[in-house]
Amino acid sequence: MLRVEHIGIAVNKLSVSIPLFEKLLNTPCYKQEEVDSEQVQTAFFRQGETKIELLEATGPDSAIAKFLDKKGEGMHHIAFEVTDIYAEMKRLQEEGFVLLQETPKKGADNKLICFLHPKHSNGVLIEICQDIK
Ligand code: CMX
């Protein structure tokens, strides 16, 4: 793992949380992007070497909608950048972690991504990601 690439935070309304995080971080939201496959609308902030990703659900079947229903707003996942996502998925599987995808999928911010089930990582949803070149 190279670094924490971003921290994902589930929010009810980006229209409320974007100005809140702009004030908190004292930096503008630099990008918003809808990810149809995940049924989410995202908003990104740079914070030094890492990013904050706010996530609003765009449909009832979204993982974010389910998370908000169950737990309410808050930290949703930590994403680690990797150099070779296929090799890292193989390594993590061999170490006993449970991958939520068999092959990487396209995520926000031009990335290939894969999630690990939180039940096998101390209740923390982990994403690994790699830039699509
Ligand atoms: N962090 C920690 N625990 C979580 C969690 C999260 N983000 N989301 C769910 N859980 C917990 C649930 O509370 C539940 O705990 P209990 O068994 O103690 O009740 C457990 O994980 C399993 O939950 P589940 O009801 O069996 O399954 P869900 O339908 O809630 O799915 C998960 C959970 C992680 C498998 C699903 O959310 C998933 O596949 N996530 C990956 C994709 C994703 O999160 N996409 C949105 C972000 C996209 C982006 O960043 O662009």
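## Report

Serine 17 lies in helix H1. Helices (H or I, at least four residues) and strands (E, at least two) are DSSP runs, numbered from the N terminus. Serine 17 counts as buried because its relative accessible area is 6%. Buried means under 20% relative accessible area, exposed over 50%, and partly exposed in between (1.4 Å probe, protein chains only). Leaving aside neighbours within four places in sequence, serine 17 is in contact with Val11, Leu54 and Glu73. Contact means heavy atoms within 4.5 Å.

This is a predicted model, in which local features need pLDDT of at least 70, side-chain atom pairs count only at pLDDT 80 or more, and totals for chains, interfaces and linings use all residues. Residues are numbered from 1 along each chain as its sequence is written, and side-chain values use heavy atoms, with hydrogens and water left out.

In soluble globular proteins, nonpolar side chains tend to be buried together. Here the largest nonpolar core has ten residues in all: Ile9, Val11, Leu14, Ile18, Phe21, Cys29, Ala43, Phe45, Ile52 and Leu54. Helix H1 (14-25), strand E3 (40-47) and strand E4 (50-57) are the elements that give two or more residues to this core. H1 gives the most, with three residues. A nonpolar core is a set of buried Ala, Val, Leu, Ile, Met, Phe, Trp, Tyr and Cys residues joined through side-chain atoms within 4.5 Å.

Isoleucine 52 is one of the core residues. Not counting residues up to four places away in sequence, isoleucine 52 touches Ile7, Ile9, Phe21, Leu25, Ala43, Phe44 and Phe45.

**Strand pairing**

How many of the eight residues of E4 are buried? Six are, and E4 is mostly covered. E4 and strand E1 (residues 3-10) run parallel, joined by five bridges. Within E4, leucine 54 is the bridge partner of isoleucine 9. E3 and E4 run antiparallel, and eight bridges join them. Glutamine 41 stands opposite glutamate 56 in E4. Two strands pair if DSSP finds at least two bridges between them.

The hairpin of E3 and E4 has two residues between the strands. In this hairpin, glycine 48 takes a positive phi near 60°.

Asparagine 26 and asparagine 122 each have a positive phi although neither is a glycine.

Is glutamate 34 buried, exposed or partly exposed? Glutamate 34 counts as partly exposed because its relative accessibility is 46%. The place of glutamate 34 is in strand E2 (residues 31-35). Not counting residues up to four places away in sequence, glutamate 34 touches Val40, Gln41 and Thr58. Glutamate 34 and alanine 87 are 53 residues apart in sequence, and 28 Å apart in space, C-alpha to C-alpha.

Aspartate 109 lies in the loop between E6 and E7. At 9% relative accessibility, aspartate 109 counts as buried. Leaving aside neighbours within four places in sequence, aspartate 109 is in contact with Tyr30, Lys31, Glu33, Phe44 and Lys51. Aspartate 109 and aspartate 131 are 22 residues apart in sequence, yet 8.3 Å apart in space, C-alpha to C-alpha.

**The largest pocket**

The largest pocket has a volume of about 870 Å³. On a 1 Å grid over the protein atoms alone, a pocket is an open set of points where a 1.4 Å probe fits, with protein on both sides within 12 Å along at least five of seven lines; lining residues have an atom within 4 Å of a point. Grid points are joined across faces, edges and corners, and a volume is the space filled by probe spheres set on the points.

The pocket is lined by 38 residues, of which Ala63, Phe67, His76, Phe115 and Leu125 lie nearest its centre. Elements that give two or more residues to this lining include helix H2 (63-71), strand E5 (74-81) and strand E7 (111-116). H2 supplies the largest share, six residues. The lining divides into 15 nonpolar, eleven polar and twelve charged residues. Ala, Val, Leu, Ile, Met, Phe, Trp, Tyr, Cys and Pro count as nonpolar, Asp, Glu, Lys and Arg as charged, and the others, Gly among them, as polar.
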